[in-house]
Amino acid sequence: MPIYGFSCNACEKQFETLVRSSDTPECPSCGSTDLTRQLALIASPGKGGEDAGSFSSGNGGGGGHTCGGGCCCG
Ligand SMILES: [Zn+2]
């Protein structure tokens with residue numbers, strides 16, 4: 001389900017809510033509908049994902065020296 005972040009222009013509260021098409025969300029704090037939709041930066045809660053940053057996780061060593069000129073590995 002799409003969850004969008006909003007920022008209330010009336011009380012500046014930031015919140016996230018489900019938004020269906022043709023459905024106007026309201027500020028849970030003051031009830032205003034004068035909202036600014038934020039970028040989709042809401043991560044699904046309770047979903048421990050292993051995404052992004054799966055590089056350089058422990059060099060297993062594979063004969064891929066990059067020093068070349070014998071500066072460190074003689
Ligand atoms: Zn508000």
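**View 1. Ser-7 and its bridge partner in strand S3.** In S3, Thr-36 is the bridge partner of Ser-7. The model is predicted; local features need pLDDT of at least 70 and side-chain atom pairs count only at pLDDT 80 or more, while totals for chains, interfaces and linings use all residues. Residues are numbered from 1 along each chain as its sequence is written. Strand S1 spans residues 3-8 and pairs with S3 in the antiparallel sense over three bridges. Strands are DSSP runs of E with at least two residues, helices are runs of H or I with at least four, and both are numbered from the N terminus. Two strands count as paired if DSSP finds at least two bridges between them.

**View 2. The hairpin of S1 and S2.** S1 and S2 form a hairpin with five residues between them. Glu-12, in the turn, has a positive phi of about 65°. The two strands pair in the antiparallel sense over five bridges. One of the paired positions is Ile-3, whose bridge partner in S2 is Leu-18.

**View 3. The sheet.** Three strands form an open sheet in the order S2-S1-S3, with antiparallel pairing. Strand S2 (14-18) and strand S3 (35-37) are the edge strands, each pairing on one side only. From one strand to the next the twist averages 40°; axes are lines fitted to C-alpha atoms, for helices over the stretch in contact, and angles run from 0 to 180 degrees between N-to-C directions. Strands of a sheet pair through backbone hydrogen bonds, either parallel or antiparallel.

View 4. Gln-38 lies in the segment after S3. Why is Gln-38 classed as partly exposed? Gln-38 is partly exposed because 14 other C-beta atoms lie within 10 Å; a residue is buried with 20 or more such atoms, exposed with 12 or fewer, and partly exposed in between, with C-beta atoms placed from the backbone. Leaving aside neighbours within four places in sequence, Gln-38 is in contact with Gly-5, Phe-6 and Ser-7. A contact requires that the C-beta atoms of two residues, placed from the backbone, lie within 7 Å. The C-alpha atoms of Gln-38 and Glu-16 are separated by 9.3 Å, the two residues being 22 residues apart along the chain.

**View 5. The whole chain.** The protein chain has three strands and zero helices, and its pattern along the sequence is β-β-β. Of the 74 residues in the protein chain, 5% are buried. Among contacts with a separation of 6 or more, 36% are between residues 24 or more positions apart.
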